[in-house]
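Visitor: Good morning. Could you please take me through this structure step by step?
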Amino acid sequence: MAGADVDVGTELRLGLPGGGAEAAKAAKRGFEDTIDLKLKLPTAGMEEAAAVKPEPAAEKAKRPAEAPDADAEKPPAPKAQAVGWPPVRSYRRNVMTVQSVKSKKEEEPEKQQSAVTAGSNSSAFVKVSMDGAPYLRKVDLKMYDSYKDLSIALKKMFSTFATTGNNMNEGKLVDPVSGADVVTTYEDKDGDWMLVGDVPWEMFVESCKRLRIMKSSEAIGLAPRAKDKCKNKS
Amino acid sequence: MSTPHSSSTTSGPHRASSPPGPQIPQSLTLAPTAASSASPSPSSSSASGMRDAAGDDSDSPPSQMSEDDPGGGWEPDLRAGNGRWAPPDQVLENVLESVLEFLTAARDRNAASLVCRSWYRAEAQTRRELFIGNCYAVSPRRAVERFGGLRAVVLKGKPRFADFSLVPYGWGAYVSPWVAALGPAYPRLERICLKRMTVSDDDLALVANSFPLFRELSLVYCDGFSTLGLAVIAERCRHLRVLDLMEDYVEDEDDELVDWISKFPESNTSLESLVFDCVSVPFNFEALEALVARSPALRRLRVNHHVSVEQLRRLMARAPQLTHFGTGAFRSEAAPGGGLSVAELATSFAASKSLTCLSGFRDVNPEYLPAIYPACAKLTSLNFSFASLTAEELKPVIRNCINLRTFWVLDTVGDEGLQAVAGTCSDLRELRVFPLDASEDSEGSVSDVGLHAISEGCPKLESILYFCQQMTNEAVIAMSKKCPDLVVFRLCIMGRRRPDRITGDPMDEGFGAIVKNCKKLTRLSVSGLLTDKAFAYIGNHGKLIKTLSVAFAGNSDMSLQYVFEGCTKLQKLEVRDSPFTDKGLLSGLNYFYNMRFLWMNSCKLTMRGCKDVAQQMQNLVVEVIKDHTDDEGEDDIVDKLYLYRSLAGPRNDAPPFVTLL
């Protein structure tokens, strides 16, 4: 029933940060807003001259600042991120997330799909819920060009997970509490719940009314093949 | 003619000399037929008489006037009586009320209300603004019963750590019962300010319908409402002067966006302040432009990011008298090459001669920054904290801002940018440096170098919030000596428990110097690697500290004990992820009633310790909060504790994940 289109990244699958017990305990604290993917802004001033090189006096090892794909290959972080730390309000984080993604887009104009940005100044905010999360979030679908960009942003928002696997589309999203796989679904204009990724991106943006990240155990009838796909890819 | 009452009723030695009271309003002076000499003396002697009668209850007979007086020309001011003869003790209270009208500070009013019952009543009738720092500390009914003539109410709800996702959704702080109680009680209410409360559209509608004279609505870090509620406010509050929405989480109506801006009255409005940068949905710009054009009193306007520079120019043309301006996105929507030129935009800023406060720059195109140069010299406040500028982009701007007092910025400007700030802004009072990438492992762009520079260049600094990855004790000590006027010192070293970058020492000495040298300090947030020693310093020297925030710090319960015992003015203590046990918690028992609240999460508390506190302290509400995702019943471990003094007892709107002990 669910589209078996393997070309377009379908479910967003992201895994837990490494470290069993500690990560699980951190996850129990709820969901966090920390942006744990580091984006290099192409601004001239943000250079090594201004930055102070971190000394090894720090008791914990520091993760190198890498793009999310590369993170997948590195060993997991030595400690889990803490909820609400550093204490920056989500209002401010959200705006920064949007700006970072946008400036990344500006850096790679040739990769932009003009179909998305042409003639459309309005936004397409949709609610995003994740089962088990204490609150919902909002994303503006028009900020992104592809399912991949969207998955990056969603990962940041519900960021107790990181990618494993070979590339973005194959990362596993694991529900922090139960450890089960999750799938991302959306409600379309007709009110039906669909699996994310079946239709071309532009069509998806037009028809998506809200997003829901749900446990794949609950995705019966919706994405039985999604679960099979998980197993096939992993 | 009238005997000065104090001599007839009180004994000499107790009588205090008449205090030099404020001027008596004319309306209280007796009419010419009565003895005019009575006009100043009744108040002063009444005041001293009240002092003498402090121990008495209101039954003692103060004779403001002797019974012989005709009383015909007497017109009490505050009671409804229009020329009616008022009984003597009521007259006394009327006089007192007139005097107390002049007291505005809450602290003064609280003190006055404690003098005796008569003062208590008079104060309760004349208090115009009610401030409630914890909406659960008192019930709405009780507030309404006590205060007769409120015009403004300020309410705060959730604990501050709710801002950092530490309080689960649905915890509480609903404004509904308050609005329901205030509506019937204060038809003349003009102002409501809410912070961290849940406000629904229905609540907003009730506000609009209950208060025909409503003038000011200020919502800070609130949630629960949408543009629907805003539309009702705009439409029904015909005398609205202030609508300030600051960093609220505004729901969207999925199906229809309400054009709330169009709902303001079509005639000239009395709007003075319209702040809606957090209402992130698109809005009807033409309606806003027209609204601004017919709001001659408008001084503060902060728009959301859906505004281009072309549109900004139009707004500024309509409102050249603006003092506070939030500039939206600060970029052009036109294709590259088209669009407004920088020079044209600069003329708009040149024409706005009253601008003192600029903010916005939500998606700034740095090419447009020079447009604000004409305004820079007059600016006292500049908020770049949503603009990821480099040092090179910042420098030419900040160089012109010689009168700046408040500056908020992103750490993308680096230590170098901060050095530029220090070089120009010698009058700076408040600085906030936010992180672009708020994670522990990001590359820091600002450090102790920037802090050093600021302390050199900005000796008048009073308030600082500084996010960084690396810090040294030396820089913090330097700031403590060079900025002795610091009232607020909040340093967030983002890596948990990170020591001094150079020496590897804990950050104890740095924070110790702050509490020792900054004698006016009332608010402190600590971070980095800290041992009990830091808290010993804080307890010993932080005698004025009212708010203390602790994260990932301390080695033992002694830290808590030092703070409880030493910080005698402590009102708000928020602690997270520190190794404090029930013992530390219990060391505060004698102090909890002096505090507004204590928050502790992810420490080492158990149910037993929390129950101990609840049992011993009857006027404390002790809440244990579980996360939604806490499936396992680790029943004894307490992850989140929130306790606060309260006259209202345990609340009845607590969700299932909150246990009230």
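Visitor: Which residues of β13(B) point one way, and which the other way?
Guide: B:T406, B:W408 and B:L410 point one way from β13(B), B:F407 and B:V409 point the other way, and all are buried. Buried means under 20% relative accessible area, exposed means over 50%, and partly exposed lies in between, with a 1.4 Å probe and protein chains only. Helices (H or I, at least four residues) and strands (E, at least two) are DSSP runs, numbered from the N terminus.

Visitor: Why do the side chains take turns like that?
Guide: In a regular strand the side chains alternate between the two faces of the sheet.

Visitor: Before we continue, what kind of model is this?
Guide: It is a predicted model, in which local features need pLDDT of at least 70 and side-chain atom pairs count only at pLDDT 80 or more, while totals for chains, interfaces and linings use all residues. Residues are numbered from 1 along each chain as its sequence is written, chains are lettered from A and ligands numbered from 1 in the order in which they are written, and side-chain values use heavy atoms, with hydrogens and water left out.

Visitor: Which strand is joined to β13(B), and by how many bridges?
Guide: Strand β12 (residues 381-384) of chain B is joined to β13(B) by four bridges, and the two run parallel. Two strands pair if DSSP finds at least two bridges between them. The bridge partner of B:L382 in β13(B) is B:F407.

Visitor: Is B:L243 buried or exposed?
Guide: B:L243 counts as buried, because its relative accessibility is 0%. This residue lies in strand β6 (residues 242-246) of chain B.

Visitor: What does B:L243 touch?
Guide: Leaving out residues up to four places away in sequence, B:L243 touches B:L217, B:I233, B:W260, B:F264, B:S273, B:L274 and B:V275. Contact means heavy atoms within 4.5 Å. B:L243 and B:V275 are 32 residues apart in sequence, and 6.3 Å apart in space from C-alpha to C-alpha.

Visitor: And chain B as a whole: how many helices and strands?
Guide: Chain B has 22 helices and 23 strands. Of its 661 residues, 59% count as buried.

Visitor: How do helices α18 and α19 of chain B cross?
Guide: The axes of α18 (residues 508-517) and α19 (residues 532-541) of chain B come within 8 Å and cross at roughly 5°. Axes are lines fitted to C-alpha atoms, for helices over the stretch in contact, and angles run from 0 to 180 degrees between N-to-C directions. α18(B) and α19(B) are therefore roughly parallel to each other; angles under 35 degrees count as roughly parallel, over 145 as roughly antiparallel, 65 to 115 as roughly perpendicular and the rest as oblique.

Visitor: Let us turn to chain A. What is the strand order in its open sheet?
Guide: The five strands have the order β2-β1-β5-β3-β4 in chain A, with mixed pairing. The edge strands, each pairing on one side only, are β2 (137-140) and β4 (193-195) of chain A. From one strand to the next, the twist averages 30°.

Visitor: Which helix packs on that sheet?
Guide: Helix α5 (residues 147-157) of chain A does, touching β1 (125-130), β2 and β5 (210-215) of chain A.

Visitor: How do β1(A) and β2(A) run?
Guide: They run antiparallel, joined by four bridges. A:V126 stands opposite A:V139 in β2(A). Their hairpin has six residues between the strands, and A:G132 takes a positive phi near 95° there.
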